[in-house]
Protein chains: 2
Amino acid sequence: LVGTHLDARIIDALRQERFHPRLKVHLPTSVQPYAHDELGEAMREVELVILGVSSAGVDWAAEKLSAVLPLDVPIVMLTKGLRGDSNTLEILPRALQSQLPSSYRGQVCTIRGPSIAGELAVRRETSVVLTCPDPAVFDRLSGWLGTAYYHLWPNSDLIGVEVCAALKNLYSLGVGIVSGMLERSPGVENEAKMHNPAAALFAEALCEISHVLTTMGGHQRSIWMLPGAGDFYVTCAGGRNCRMGRWMGLGLSYSEAKARHMADETVEGAETAFAIGPTVENMIRRGVLEAEALPLMRRLLDMVCHDAPAYIPWDRFFVSPIPRRVNAS
Amino acid sequence: LVGTHLDARIIDALRQERFHPRLKVHLPTSVQPYAHDELGEAMREVELVILGVSSAGVDWAAEKLSAVLPLDVPIVMLTKGLRGDSNTLEILPRALQSQLPSSYRGQVCTIRGPSIAGELAVRRETSVVLTCPDPAVFDRLSGWLGTAYYHLWPNSDLIGVEVCAALKNLYSLGVGIVSGMLERSPGVENEAKMHNPAAALFAEALCEISHVLTTMGGHQRSIWMLPGAGDFYVTCAGGRNCRMGRWMGLGLSYSEAKARHMADETVEGAETAFAIGPTVENMIRRGVLEAEALPLMRRLLDMVCHDAPAYIPWDRFFVSPIPRRVNAS
């Protein structure tokens, strides 16, 4: 278990007390903690690398790994995200692969799906997909990683899975906004929450993900599988994206909320917005993506990238997947 | 607003105090409450009937309505469910239509989607689909029913929408089971809940719904729209199906839980299990439905129909939609 330079306190705690201060669990004796400058030592006789940096740390990780990574060792990325070069969107495993030495002949795989780390650490039943370009690598990795409580399923829809994993973080900002709106809404006669609006956002998000995913060449069924609806469901149950959304729903701009309340925290949905915002707008201008198919995404990008106020365009939802003028198919 | 014979207390309260004791809201002055034996009076000059009986009450409603319903007035069903005749599954709007007078020339439409009544009653933003066989009827009804906070979307996938609406009640029993399992599980070091298992159930449920829906001729995109993932999301946030699931997750058989804790309540997911259980088993025997594509449904049917103990077959999930041996497509 190798920390980055931002994890020095966690690695120290693990070494001294064998206790993980974030996950609140003791480390199994088989796990050996390393500081970031011991990466080379940790890499000796390694058979598999599992990469869990934040999406902003992928380039850094590629550089550090390139110096010490055995050339035939597979990498399993847990890092979620998408990035844009202003013309097209790129999935993170490809971004990583392109920065590894050209002589690297391992494979970059990903694990996706609903997996809260603190739950997995205490061995709650957890089901995820493992994307591997090569089925033989899947068999090897799932043999190593699968347990009675950790269920790995193969999925060859590399693009669809990555699009779902990245965008659900962005959209969970939207579900968080509803909880903020509820807090500032006038009182009502009964105890009504705002599950109806949250559920409509949930469905609209999946519709918009289907538009992006189809455009990029992914398969629609990933939308309702573990990396899509499954992971989105768990993200909406809490976490930093929802907390940021709540602040925006309470009336703060993204910049205010970040500076005042979450300055030291990585909000993956916002990171994704910054990483894809200009590219998505450009793809819409070029007609590659349809503006009317993405009303919620465009609003969320405006809120994060341009500090636009929180506002949900309810009447513009559900336009593209079942257009008014044609039948569902 | 016409109550059934089971709603006498609610109708009395509405008449005397103009206050709805379940929804905890005052009735708008434009709404006139009627007792069940005043149905004929309520039906005078009516332009639209909205039917919200429980799924077990559809035959009763068909009989009562047949006597007094103007023959050209459309019906919008809110009642969710499926039923089986041991050979095939039937959607409820068709079951209703088949019991109306043969001279009836209105249309049976449905409204589906995430819509908690108490939230809608206080005008929370609510988005639903309105299925109408005839687009002209959709335009008329959506003109009548749509408001600034009540958003109606057309959907012509009558079968897919009904399958999603009915089965999500059954599957939310499963999500409830996880909360019961959490309560009886041994303590752990951290505060870990069971969001990972609940999310895997959520995704598996959508996969299994896709199998049934495809077999019956519905369209896959309904799975991730308002009637599918959207409504399922809101159902998992609470309600009677989840409460029943919780009792079963705590170790009670369905019969025990029903008799001891929910004797006077309608649990729609369990009603659906009884209504489709024998038919689903028969369809599996005949090879119309695939047993391996429905591990969770079969388990839930066993639990409700045969008092089988709560057990989740995690390792049998996700088999059919992405079979181990072929690529996703």
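This is a predicted model: local features need pLDDT of at least 70, side-chain atom pairs count only at pLDDT 80 or more; totals for chains, interfaces and linings use all residues.
User: Is A:R123 buried or exposed?

Analyst: The backbone of A:R123 has a positive phi of about 70°, although the residue is not a glycine. Its relative accessible area is 54%. Exposed means over 50%, so A:R123 is exposed.

User: What is the phi of B:K24?

Analyst: B:K24 lies in the loop between β1 (19-20) and β2 (25-26) of chain B. B:K24 is partly exposed, with a relative accessible area of 45%. The residue is not glycine, yet its phi is positive, near 60°.

User: How do helices α8 and α13 of chain A lie: roughly parallel or roughly perpendicular?

Analyst: Helix α8 spans residues 195-216 and helix α13 spans residues 295-306, both in chain A. Their axes are 8 Å apart and pack at an angle of about 95°. Angles of 65 to 115 degrees count as roughly perpendicular. Therefore α8(A) is, relative to α13(A), roughly perpendicular.

User: Which residues of α13(A) meet α8(A)?

Analyst: From α8(A) come A:L201, A:E204, A:A205, A:E208 and A:V212. They meet A:P295, A:L296 and A:M297 in α13(A).

User: How many charged residues are in the contact of α8(A) with α13(A)?

Analyst: Six residues in this contact of α8(A) with α13(A) are nonpolar. No polar residue takes part. The charged count is two.

Key. Residues are numbered from 1 along each chain as its sequence is written. Chains are lettered from A and ligands numbered from 1 in the order in which they are written. Side-chain values use heavy atoms; hydrogens and water are left out. Axes are lines fitted to C-alpha atoms, for helices over the stretch in contact, and angles run from 0 to 180 degrees between N-to-C directions. Helices (H or I, at least four residues) and strands (E, at least two) are DSSP runs, numbered from the N terminus. Angles under 35 degrees count as roughly parallel, over 145 as roughly antiparallel, 65 to 115 as roughly perpendicular and the rest as oblique. Contact means heavy atoms within 4.5 Å. Ala, Val, Leu, Ile, Met, Phe, Trp, Tyr, Cys and Pro count as nonpolar, Asp, Glu, Lys and Arg as charged, and the others, Gly among them, as polar. Buried means under 20% relative accessible area, exposed over 50%, partly exposed in between (1.4 Å probe, protein chains only).
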